Amino acid sequence: MRWLFKARLRLRSLFAWSAVEQDIEDELQYHVERQTEANLAAGMNEREARRAALRLLGGMTRPKEECRDAHRASWGMRLLDTLMRDGKHALRRLVHDWQFALAAILITGLGIGINSAAFSAVNALVFTATSSAEAERLVSLYQNVGERAEPAGVSYPAYGDLAAATAAFSTVAAILPGTADYEGQLVFAEYVTANYLKMAGHQVFAGRWFTGDEDRLGSAPAIVIGYRAWQTRFGSDYRILGQTIRVNQVPVTVVGIGPAQLASASHPALSADFWLPVAALNTVGSRHQLPDLLTRRGQLAFEVRARLQPGVRVNQAQAMMNVLGQRLAQDYPETDPGKGITVVRTDSVVIHPGEQDLWVKLMSITLLITVGLVLTIACSNLATLLLVRGTSRAKEVAVRLALGATRSQLIRYLLTESVLLSLGGALAGLVLCYWTLHSIAAIIPFSLQLRMDHRVLAFTFALSLLTGITMGLAPALRSTRLDLLPALRKDAAATEFSPGQRWFTLKNILLTTQIAGSFFLLMGTAFMVRMVASARWQEPGFAVQGVALASLDTHLAGYSEAAAARIHSELLRRISAVPGVQAVFSSAGTPVGSHVSREIELDGSPGSEAARWQGKLAWAAPGYFETLQIPVLYGRPFRETDGPGRPLVAIVSESLARRVFGTTNAIGRRFRYGDVERSQEAKTAVEIVGVVRDAEGASPGGGGPAVFYLPAAQTSAPATTLVARSSGSATALVQAIQRELRTLDPTLPARVRTMEQQLDEDLRLWRWALGVVGGMSVVALALAAIGLYAVVRFAVAQRSFEFGIRVALGAGRHQIVWLVMREITILIGASLVAGMAISVVGLRLASSLIEAPSTVHLEALPGVTPLTLLSVAGVLALAAGAAAYFPARQAANGDPSVSLRQQ
Amino acid sequence: MSKPTDLVQGTLNLLILKILALEPQNGWAIGQRLRQISGDVLQVSDGSLYPALHKLEQQGWIQSEWKVSENNRRAKYYSLTPPGLRYLEEETASWDRLSGAISAVVKLKAV
C-alpha cells in the first residue's frame, strides 16, 4: 500500500520534474507570504517583515535544493534520473541528425519487424489454446506403431471400436484434416464424423451440422463452411446456405456455417475452411483418394478426439484402452500387432505427438534461418552506422573526456542513444509486423490465426533492447577508446578511413557479415527456385504434356461393382477413340501423389531386419507405362492377361531393383509386400515381370524412388481414375473427357483435371515457402546495400577535406572514385568468398534437413552449382558496387573550395 | 538560542507526524504549531522543515494536496497516509520506551 504512494511520487518526479520544481517554489513562496503577514500583524513594517520571514527560512535557495534532494534520494531514482537526462539529450541529438536516425530506425525496424512476425507464427503454433468447451475433458486417441510404439493416427475401423468404448468416452469423433481445391484455391478441409461438433461442445453459427446419415457411404455430399471462410470467401452472405458449390470440382451442398470458436482439429491456431462428412472422402477427397482409407485397419489416417465420461479420469481411460488394445491385437493379428492405444489430454498436445508434419518443419526451418539472418544483417547494419557515426564524433567525445567525463558515463550515454534507436526500430517493426501478418494471412493456404498479443509485444521489446545494447556496445567501446591528443588536434576520423590502414577493423567485419549473410540468403532462394523448378518444369520422369486425369465416384452414384467396371471400360473405349489420344488406362488411385508406403522383403528369406525395405506401392494397369511414357527397361509392361486368377506379378522401378536385388535386371525375382504394421504371414508374394525407369517420388536427400507397381486388377482396389495422353493440349482432352462423361452418365460425380493441375496442387506449399525465403533475401540484399551505401557515404564525407586537396592539386574525378572503390572492391570480394563458403556448408545442411513429401517429385537435389554461385555473386557485387559507387562519385563531383572551407 | 541536539533533530519526523495526525496542515502552520507546542525549546528552522516534509512524503508516510487555505490562498496541505499512521504508532511506542529508559538512567545518576 505504501509503495502506491511512493510510486506515484516517483513517476511524478521522473516525468513531470518541472511540475515538482514549481510545487516546491509555490510552497516556499506561500510560506514566506504567510510569515510576512504574521510579522506585519506583529507590527513590523513591510520590508522588515518580509526579510525576517526569509531569514527564518534560511533564504529560498537552500531549502529548495534540499527539497529537490529529497526527491532524488533513492539509488534507483538517481539512475533513472541520469537515464532520463541522457535520454533527453540523446533524443535531441537524434532529432538533430534525423536522417541518420531515420535510416537506423528503418533498418532495425525491418529486422525486428520480420522477427516479430515470425515469432507471431511460432507463438500461434505453440501457445494457442484449445477452444472447446470443457477442454480439460477432451482427450486425443492414437494407435501406436513401430518398434517404439509411437502414437500415430487411428484407422477408421479402429475408430469404430473406440467409439464403442462408452464406459470411457461419452462421444468419440474421427477427423481427417486435409486440403481441397475451391475455385482454384487450396483450402483447408476436414473430413469429420457427424458427432464431431457434439464432441467439441459447440453449436453451428447458422444452418445445421451433419446428421448421422451423412456418415454413411453413398449419401449426397453436404458441406459446412468454417466461420472465417464464410466471412472471407463468401462475404458473410447467409444466402450461401442451401446452395451448391464445387469442392475439388465436385458439387456439394452447403448446409451450415460452423462455429466461430471451433479451431481445426490438427492445430488450435488453424481454422478449417470446410467441414465435410467422412463419407464424402471417396467423392470429394483428392489427396486422400486411397480406395481403402475407410475400410482398412492398416491405414492409420484419422485423428480421433473423445470426450471423457463424467467421472472418468485420463489414466482410467488409458487403462481401459490398454485392455481394448490387447483385444484388437487378438482379433486382428495381421493389422494390429498389439502396440496399444495412447490417451492424451488434447490441450497438452501441441502438434501431433509423433508427427513431423512437413509444413511445420519446413516453415520453422526456413523461418528460423532466414529471419535470424535478416536480423543479423540488420543488426550489423545498425552497428556499422553507429560506428561510422562514432568516428565522426571523435572530436566531441574527446572534448567530453578532456572535460572530465568518465568513459563509463560516455558509454552509458552512447548506449542510451543506440537503445533509443532500437526502440524506435521496435515501433517501426511492430507496424511492419502487423502489415506482414495481414499479408501472410492473405497468402497462406490455411487460415492461421496470427495475432499480435502480449507475447509478441514482449518479444519485440526484448529483441529491440538486446539489439540496441549489443549493437551499441562495440561502437561505443570503440569510439571512447581514444588517444586524446591527436583526436583533439586533428579530425581523427580522417585517419580511420584512410587507405592502407588495418583491414580487420570492426567496420570491415560488420560489412563482410552483411554481404556474406545476404549472399547466403540469395543462395537459399536460388536453391529453392531450382528445387521447385526441378519439380515442376524439368523432366519429372513421366509425361505431363497432354495428360489428363478423370476420377470417378461410381460408389456415390450407386453403381454395383460390376456396373462400375463396365462404365470404366466403356469410358476407356470412348476416350481411346477421341482423336489425338495416344494412350489411356484406368486404375486405382491417382498415378501421382497417392502412393502408399509398404514393407517389402525377398521371397523365401524369413525377414531379418536387413532383408526388409520400404517401397512405395502404385496401382497400375495395362497402358499405364505407355500413357505416362515411363520407359520399360527390362521385361514387359502389364497386359490384359494380368488379371485375377493369374500369377501375381509386379513391375519395379530401377532404383528398387538395384537396392533390393543388387541388379537392375530383376526379371523373374520374387518379393513379398505387406503393411508397415502387418505381420509376416499376411504378405503377398509377387513375381517381377518388368523393370521401369525411375519416375516419381524421388526424395531430395538423394537416392532414386523405390516404387513397385501392381496391376489393379490383381488387387482388391477397384478402378477410380482414368488417365489419358493426347498429342493435343491437355485442356482440350479434359473437355473431351467431360463431354464423354456427360453422354455416359451426367449424374456421375467426377473430377477431371490436367496432370499439370494435379502436380501444381502438390507444389503450392513449396511455392509459398519459396515466396517467404525469396522475400527475405530481397530484404536482406536491400539492407546490405543500404549498409554499404551508408558506410561509404560517411567515409567519403569524412575524407572530403582530403579529396578537396587532391582535386585542388589536380586529381581527376575518376581517380577519386577509384580511391574509394579500391577499398570497397577488396571488401566485397572478401565478403563474397566468405558468403560462398557459408552457402556451400549451409545449404548442404539445409538439404539434409528438408525432406520432400513423397508427392513432390524432385530430382536428386542440385545443391550448389557453379552457375548459381556465380550469378548470385554477380547480383550482389552489382548491388554492393552501386551502393558504393554513387556516394564516391558524389564526393568526386564536390566543389573542392567548399569542402576545404568546411574543415 | 542553543542549537537543537541530534536527538531532537532525529525526532523531528515524529513531531511532524504527530501534528499531522491531529489534522491536515500546510507547511507554515506546521512550523507555527511546532514552536507553539514545544515552546521555544525545540528550535526547528523553517528551512529544515520543508526538506523533512518532502522526505516523509517520498517515503510514503504522508501525502500532500493543494487546497485553499484559511486566508483564501492556495497552500500545500499535508496529511497522514494509512501506513504513516501505523508508522507513527510504532515510533511513538519505541520513543516511549527509549525516553523512559533514558530518564530512568538520568534519575539514577542524579541520586
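1. The model is predicted: local features need pLDDT of at least 70, side-chain atom pairs count only at pLDDT 80 or more, and totals for chains, interfaces and linings use all residues. Residues are numbered from 1 along each chain as its sequence is written, while chains are lettered from A and ligands numbered from 1 in the order in which they are written.

2. Helix α11 of chain A covers residues 314–331. (Helices are DSSP runs of H or I with at least four residues, strands are runs of E with at least two, and both are numbered from the N terminus.) At 1.5 Å a residue its 18 residues should span 26 Å, and the end C-alpha atoms are 25 Å apart, which agrees. The expected span is 1.5 Å times one less than the number of residues.

3. A residue is buried if 20 or more other C-beta atoms lie within 10 Å of its own, exposed if 12 or fewer, and partly exposed in between, with C-beta atoms placed from the backbone.

4. In chain B, three strands form an open antiparallel sheet in the order β1-β3-β2. Its edge strands are β1 (25–26) and β2, each pairing on one side only. Two strands pair if DSSP finds at least two bridges between them.

5. Strands β2 (residues 62–68) and β3 of chain B run antiparallel and are joined by 7 bridges. B:Q63 stands opposite B:S79, and B:E65 has B:Y77 as its bridge partner. The two strands form a hairpin with 5 residues between them, and B:N72 in the turn has a positive phi of about 65°.

6. B:K76 lies in β3(B), residues 74–80. This lysine is buried, because 23 other C-beta atoms are within 10 Å. Leaving out residues up to four places away in sequence, B:K76 touches A:E27, B:N26, B:G27, B:S64 and B:W66; contact requires C-beta atoms, placed from the backbone, within 7 Å.

How values were computed:
Contact = placed C-beta atoms within 7 Å.
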